[in-house]
Amino acid sequence: MRLSDLPPLRFVDAVRRVETLDLPACSGEIAAKAAFLAADHAPGSVIGLALRTEPALVIAWFAALAAGMRPLILQYPTAKQTRSYWRGSVTNTVELTGMAAIVGDSRVAAMLEGIDITVVPPDFIAPGEHCAIDELPSFSILQLSSGTTGHRKAVEFHDWQLEAHVRDYNRALELSPERDHIVSWLPLYHDMGYIACFVMPLMLGIPVTLIDAETWVADRPMLLDVIEEARGTICYMPNFGFETLAIPTQRDLSSMRRWISCSEPVFGNTVRRFLSATGVAPETFSACYAMAENVFAVSLSRGLVEREVDGETVVSCGAPIPGVDLKVVDGEIWARSPASIERYWNGDDIRDADGFYPTGDMGAIVEGELHVTGRRRDVLIQAGKKYMLSTIDAVVNELLPEVKGRAAAVVLRDDRVGTEKPAVLIEAADFYRRTDAAAVQEAIQARTGLDFLDVRFVPPRFLTKTSSGKINRVLSARDWIERERVEAAGRHRDPAAEVARVFGTLPQDAPVGDVLDSLSLTLLRIILTDADLAYDPGASLAEIRARLAEAPARMESAQVCPLRIVSLADRRSMRAIDEAALLRFAERLGRPVSFEHVCLPPTPVLLSDLVFFDYFRARVADQSLFDAMARAFDKLRAADVILLDDAAEMHFPLTQYYPVLSHRLERSAEADLLAFRWQRYVEFHDRLPVQVVPGRTLPIERRAETIAALSAYLGVPVFRMASVQAFEPFTADWEYRPLRSLSGGPGLKPHKPDAVLDALAEWIEARLASGAIDVPVASPEVTRLDMTDLAHFCSHAVDRAALDRVLAAHERFCIVGQPASVAYLRRTLAEQGRGWVEAPSYHPAVLDTLPPFDCILSCGPTGLIDTDRPAVAVMGAGWGGGRAINGTLPPDIELRGKLPAADLAEWYAPTGAGDALSPEQHRAVQAGKAQAVMIRTAKREARERGADVRDAARAATRQPPSTPQRRPHAERRKARRRAMRRAERRAAE
């Protein structure tokens, strides 16, 4: 290589000043610097170069070659990279190569202080006179591979290998000094910048204009300006560079012959966006597969070509360049060429018997072109650099030893910035309460040098594991991406909230231009563009959030937002509240009020289902199955206050069996034996992965923890109301405690509306004052009072053997109830090839219009079935064991079933499971129930004989409690049935 043959190199700085480096004119300086190095270091020594992309770097590189030494360009430290990682990376390279010295500026010297390496300032020069040089001696260089294990590895290439590669690659590129000019912002420590934009054009005499990478990050469009000014013809970038420049432009880019995407997976959507936005000709685009182990290029495409490979659309990287041979072994790409690697620095030969080396990438050769589908060992490529995911895992395990085996580094594709980003997913039982994600993120970045990282705490069982117990990164990443996609599809994007979420760990008061890296800036620009706001590098994140919150697209509608109250309490306890009482409540608070009763399962089941909905729902193909649940959860999330009571939360669960969504996505056979009323929440539960949780296994003594967890998860305060004396030991600290009921059963008394609303108003006022509840003052009104949902969540277990006997006794059935209720019936009849009809009601006006049937199966209503047809009250299994009417079923049939509890691994149960009550507590509750039955019986008998009801009740409470009898209930049902028949006969007459 002769200096007199080399083309000029142009450098553009941050203010667009152009400095031209005339290498022949610098031959004297190069000779003096070479003498300086030769005086202190032996020929063949490795000299590190840690400088910005500037003339000093190029001159130092040539000086090392002239001195007979091996130059190795190191990454220059940036503000976005932690000092500890950079020092560790340089230290590793120094030790690996036996580096003799590093040419670096004062910043590099300061950061390397304490490391046993000589740092030479860039203005070094040997004293005295030195003869100018022209022809360089035979030389070799070192470059660092992208590195698939920890730190990058060094590869040595001799000048003859470089010349051979340049010759072969140029047969595909067809560069010529007369027509071509390369423009690049790529750092020279990376093989794409080093070989394609520096060494190769030097050897071919191609002019080059270089921009320092940090300068480009701060002013990305300047690349297009420089191309237009220099009439550039060739530009290399990784995929994310094309994504960031996919912006409309009026610049004249007609001089460009090749836009080459390389050193990062190429995505077709990014290319199309770039071509559309810039208007450049599609035929000028090329995808290149390259790596340091082959000097640089392996294959090159012409235009954007996509093919299906293993079910995925993959961008073709083109045919191998001349001189390169490829083969695929067990899915992995192997390559060889006259210039390809034999071994890493001081390593063993990595080639096979035929001279091929393993690339570590997976792919296929289709129609003579290479298609890269993935990485062999889960390598992350971020902005052109590779990171080993197992290395990140090791760092996480060191920082958080307790999460070993429950955390994984994964690769997420970010379509908005056109690159891959790493995320660490960490399972934790308290995932929604964790506030240390930012600290963990910073610690990982400090240890690994990652520019961008997302740390997310997820619920237990979120990570998918193989049969051997290892975490499957690909599936876990896919699950996270799908979760975010489904979540985004179900809500409107709030740009201010997104900025807070994405950048919440960064300084909020510093200018964003000083604290965000290139990928972060790209994402911020996208968010601002979507909100129609201009990017201001001097604005802080706090200022940007404020502007986004004020943007017209995110303004609240003119209608005043009410204080939303959602009641999960037993509706009977709240039934005395009417619009007049609610209006008085609103007037006291000085705000409009919305009050809605929603029928949902108790908090242990509800919390687990919420977690499933937010984190596991995306794994179910048919998202419409969650519509009913989504509506209920939307109401909870929009609430300002949630009401709970001990009747719905503690009393009824003791005899219920609840469906809970399986976090393993497995449906148990027992779930088909659950009978529901008409609550919308379970509308599609017959088609969802459901397990069974008996209410008796939900510990009542830890219910306060579960309620607090639900409140924390939703971010909504909960007002707790205690009415049942039997549960007094568990509700001592609840907000409202009139204790008006003995058991919480059928005799549950309603709260006095003004009393409960006054207590609620006082509680809300305290939270309004503290800011825990934020609803603006407005004209008081009742915007909604909705008490139409079921009183409480009814869900019973039905005995399988008893159902089989019912199905054997008749031929054709009419099933009344929603399909989710007792799904066993429909599945069994379908398997047996027997027909049935569906009916929303057992009213004669409905039944008479249906095709013939032999028996009614009532799977929804719990009321009495007044019919002359054979009927079975299946839903009544929870109310006296169910019964047959007008049928021939044996009297010993007991429909009430007992089902085993789901394994705790199936659902999210932070407080565990076991006996809801201790034996002593159970006896106390049973005594309260027995006493309540006695009081109701005494009252009924007093009415029948015309006696004072209150005196009878007081007398009953003085009697010792006894075991509750079923006879009063049976007599009551018979009386109601007789009354219904009499009413129908009178109506017919």
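User: A residue counts as buried when its relative accessible area is under 20%. In this predicted model, what share of the 989 residues of the chain counts as buried?

Analyst: The structure is a predicted model, and its chain is made up of 30 helices and 40 strands. Of the 989 residues in this chain, the share that counts as buried is 55%.

User: How are helix 20 and helix 21 oriented to each other?

Analyst: The axes of helix 20 (residues 603–615) and helix 21 (residues 627–638) come within 11 Å and cross at roughly 105°. Angles from 65 to 115 degrees count as roughly perpendicular. The orientation of helix 20 and helix 21 is therefore roughly perpendicular.

User: How many of the residues in the contact of helix 20 with helix 21 are nonpolar?

Analyst: On the side of helix 20, the contact includes Leu606 and Phe613, while helix 21 contributes residues including Met629 and Phe633. The residues of this contact comprise 3 charged and no polar ones, and the number of nonpolar residues is 7.

User: Is Phe626, which pairs with Phe613, buried or exposed?

Analyst: The rings of Phe613 and Phe626 form an edge-to-face pair, with 6.3 Å from centre to centre and 75° between the planes. Phe613 belongs to helix 20 and Phe626 to the loop between helix 20 and helix 21, so the pair ties together parts that are 13 residues apart in sequence. Phe613 has a relative accessible area of 8% and is buried. For Phe626 the relative accessible area is 2%, which is under the 20% cut-off, so Phe626 is buried.

Notes
Residues are numbered from 1 along each chain as its sequence is written. This is a predicted model: local features need pLDDT of at least 70, side-chain atom pairs count only at pLDDT 80 or more; totals for chains, interfaces and linings use all residues. Side-chain values use heavy atoms; hydrogens and water are left out. Helices (H or I, at least four residues) and strands (E, at least two) are DSSP runs, numbered from the N terminus. Buried means under 20% relative accessible area, exposed over 50%, partly exposed in between (1.4 Å probe, protein chains only). Axes are lines fitted to C-alpha atoms, for helices over the stretch in contact, and angles run from 0 to 180 degrees between N-to-C directions. Angles under 35 degrees count as roughly parallel, over 145 as roughly antiparallel, 65 to 115 as roughly perpendicular and the rest as oblique. Contact means heavy atoms within 4.5 Å. Ala, Val, Leu, Ile, Met, Phe, Trp, Tyr, Cys and Pro count as nonpolar, Asp, Glu, Lys and Arg as charged, and the others, Gly among them, as polar. Rings of Phe, Tyr and Trp (its six-membered ring) pair if their centres lie within 6.5 Å; planes under 30 degrees apart count as stacked, over 60 as edge-to-face and the rest as tilted.
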